[in-house]
Amino acid sequence: SRKSAKLASHHSASSNYSSKQCVVWFHEYATADEDVIGPEGMEKFCEDIGVEPENIVMLVLAWKLDAKQMGFFTLAEWLKGFSELQ
């Protein structure tokens, strides 16, 4: 898909972490009225990166992002986790 290609090209084009790009990426999946990625956004995120939502990878990601609630990610959790993961 176009979005998968965009994510792949962003990843391969730059090996440097960008908090600005991470915020943009967060807002692609967050609900419009809240600064949180919920289950629907995570399902779309999983689809875009080619991982099933039930995959252990998503549980590890939730752990690495220090998510307070499974299936929900705040902007602060997203930024802190991805900055640590680079």
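In which helix do Lys 80 and Glu 84 both lie, and how many residues apart are they?

## The pair in helix α5

Both residues belong to helix α5 (residues 75-85), where they sit four residues apart, about one turn of the helix; helices here are DSSP runs of H or I with at least four residues, numbered from the N terminus. Lys 80 forms a salt bridge with Glu 84, with 2.9 Å between the closest N and O atoms, a salt bridge being a side-chain nitrogen of Lys or Arg within 4 Å of a carboxyl oxygen of Asp or Glu. With a relative accessible area of 44%, Lys 80 is partly exposed, given that buried means under 20% relative accessible area, exposed over 50%, and partly exposed in between (1.4 Å probe, protein chains only).

## Basis of the model

The model is predicted, so that local features need pLDDT of at least 70 and side-chain atom pairs count only at pLDDT 80 or more, while totals for chains, interfaces and linings use all residues. Residues are numbered from 1 along each chain as its sequence is written, and side-chain values use heavy atoms, with hydrogens and water left out.

## The other salt bridges

By the salt-bridge rule the count comes to three. In helix α3 (residues 39-49), Lys 44 and Asp 48 lie four residues apart, about one turn of the helix, and their side chains meet in a salt bridge at 3.7 Å, N to O. Lys 44 is partly exposed at 36% relative accessibility, whereas Asp 48 is buried at 9%.

Lys 68 and Asp 66 also meet through their side chains in a salt bridge, at 3.1 Å, N to O. Here Lys 68 counts as exposed, with 66% relative accessibility, and Asp 66 as partly exposed, with 39%.

Methods
Helices (H or I, at least four residues) and strands (E, at least two) are DSSP runs, numbered from the N terminus.
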